[in-house]
Amino acid sequence: MSNVPEISIIVPVYKVEEYLSQCIDSILVQTFTNFELLLVDDGSPDRCGEMCEEYAQKDERIRVFHQENAGVSTARNKGLAEAYGKYIVFVDSDDYVDLDMFESMYNSAKKYDADFVRVDNYKERTDGAVLNQNYVPPMHEGVYNQQELREKLLYTQLGLNPSDDGSKYVSCSVWRNIYRKAIIDSLKLQFVSERDLISEDIPFNIDFMMSCERAAVINQKFYHYIVNEKSLTQTYKTDRFAKELVLYYELIRRSKECGIYENCKLRLERHLLTRLRMCIKSEMVGNKNSTVAKKNIRIMINDTTIRKIISTYPIFQMPIKYRFVTWCVKWRWITPLWLIKEYL
C-alpha cells in the first residue's frame with residue numbers, strides 16, 4: 001500500500017443485513033479520514049457479502065475479505081493479518097459510532113504516546129432507546145502508567161473485588177479501544193476462537209495490556225452498542241456454564257503466567273460467581289422447561305469448582321444484593337433465587 005493509513009478499522013460481518021449500512025456509513029463519515037476499513041465477510045448467508053463489495057466500489061479505503069463461516073475471532077484475526085495501519089480499531093457490524101470517535105481516540109493516542117485508548121459507549125435497543133444514559137464510567141479520565149493501567153483497567157476486567165458493586169465493573173470489549181499495532185505484531189497476538197473460549201476479548205486484552213507502557217481514557221460515549229436479542233451474547237445456551245468454567249481456568253493459567261494471579265485471585269472468583277448468577281438467570285428466563293431449568297441450576301451450584309470457591313469466599317464483604325444471591329448458592333437455596341429471578 002503506497003499510503004499507509006494511520007488506523008485500520010476491522011469489522012467482522014455476519015448476518016447483519018439490516019444493520020450493516022448504518023455501521024459502515026457511520027465509519028465513512030468520520031472526521032478522521034486517514035484510515036482503511038477492512039470488512040471481513042464471515043460466510044454470511046444473507047446479502048452482507050454483496051453489500052460489502054458494493055461499498056468497496058464506492059470508497060477506495062475499503063477492502064473486503066470473504067471466508068467460510070468460522071466465527072468473529074477468526075474474522076478479526078483475518079483483519080489483523082491484512083491490516084496496514086499503525087493503530088487498530090474493532091467495530092461490530094451491528095453497532096455504529098459517532099463521527100468524531102476515531103479522531104478523538106487517535107489524537108489522544110498521539111498526544112500521550114498511549115499504546116491504547118479507551119472510550120465509553122451507549123447501550124441501545126434496536127428501537128434507538130438508550131439504556132445507560134446516566135451511567136458513569138468507573139475509570140477516571142486521563143493517562144495511566146504501566147502499573148495504573150494494570151490495576152485500574154486490566155485487573156477490573158478479570159473481576160470485581162468482593163466489596164465492589166456493579167458500577168466498578170470495567171468491560172473487556174475490544175470495540176471500545178484503539179490499539180497500537182506494533183505491540184500486536186511483536187506479540188503475534190490473535191484472538192482465541194469464541195467457539196473454544198467464551199469472552200475471547202479478555203485473553204486478547206490480558207496479553208496486550210501486560211505489554212503496554214501507557215494508556216489513556218476518555219470518559220465520553222462515542223460507540224453505540226446495540227442490544228440485539230438475536231446476537232451471540234444474548235441467546236440462551238445450555239452449555240454456557242461449562243464454557244464459563246473453561247474460561248475461569250484459562251484466566252487462572254494466563255494470570256499465573258503474567259505473575260498477577262495473587263493480585264487477581266478474588267477477582268477471578270468473583271468473576272465466576274457473577275457468571276454463575278448470569279447462567280442461573282438464563283436458565284430461569286431462557287429455559288422454557290422449569291423442571292429442567294431447576295435441575296441444571298442444581299448441577300451448577302453443586303459444581304466442585306463453585307463449592308471450593310464458595311467455601312472460602314468472603315461473602316460478608318459483598319454488597320447486599322450479591323451477598324444474598326451468593327448465600328443462596330452456598331446453601332443451595334433454589335426457591336428463593338427463583339422468586340427474585342427478575343432482579344438477579
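By the grid rule used here, this structure holds 1 cavity of 30 Å³ or more. A cavity is a set of points on a 1 Å grid over the protein atoms alone where a 1.4 Å probe fits but cannot get out. This is a predicted model, in which local features need pLDDT of at least 70 and side-chain atom pairs count only at pLDDT 80 or more, while totals for chains, interfaces and linings use all residues. Residues are numbered from 1 along each chain as its sequence is written, and side-chain values use heavy atoms, with hydrogens and water left out.

**The largest cavity**

- The largest cavity has about 100 Å³ of space, a volume being the space filled by probe spheres set on the grid points, which are joined across faces, edges and corners.
- Its lining is made up of R270, L273, T274, L276, R277, M318, Y322, V325, T326 and V329, where lining residues have an atom within 4 Å of a point.
- Helix 9 (261–286) and helix 12 each give at least two residues to this lining, and the largest share, 5 residues, belongs to helix 9.
- Helices here are DSSP runs (H or I, at least four residues), numbered from the N terminus.
- By class, the lining has 6 nonpolar, 2 polar and 2 charged residues; Ala, Val, Leu, Ile, Met, Phe, Trp, Tyr, Cys and Pro count as nonpolar, Asp, Glu, Lys and Arg as charged, and the others, Gly among them, as polar.

**Helix 9 with helix 10**

- Two packed helices are described by the angle between their axes and the distance between the axes.
- For helix 9 and helix 10 (residues 290–301), the angle is about 165 degrees and the axes lie 9 Å apart; axes are lines fitted to C-alpha atoms over the stretch in contact, and angles run from 0 to 180 degrees between N-to-C directions.
- Helix 9 is therefore roughly antiparallel to helix 10, as angles over 145 degrees count as roughly antiparallel, under 35 as roughly parallel, 65 to 115 as roughly perpendicular and the rest as oblique.
- L276, C279, I280, E283 and M284 of helix 9 touch A293, N296, I297, M300 and I301 of helix 10, contact meaning heavy atoms within 4.5 Å.
- That contact divides into 8 nonpolar, 1 polar and 1 charged residues.

**Helix 11 with helix 12**

- The axes of helix 11 (residues 304–312) and helix 12 (residues 320–330) come within 10 Å and cross at roughly 120 degrees, so the pair is oblique.
- Their crossing is left-handed.
- I306, R307, I310 and S311 in helix 11 meet T326, V329 and K330 in helix 12, giving 3 nonpolar, 2 polar and 2 charged residues.

**Helix 1 with helix 2**

- Helix 1 (residues 17–28) and helix 2 (residues 48–58) have axes that come within 10 Å and cross at roughly 25 degrees, so they are roughly parallel.
- This crossing is right-handed.

Note on methods: A crossing is left-handed if the near helix is turned anticlockwise from the far one by less than a right angle, and right-handed if clockwise. On a 1 Å grid over the protein atoms alone, a cavity is a set of points where a 1.4 Å probe fits but cannot get out, and a pocket is an open set with protein on both sides within 12 Å along at least five of seven lines; lining residues have an atom within 4 Å of a point.
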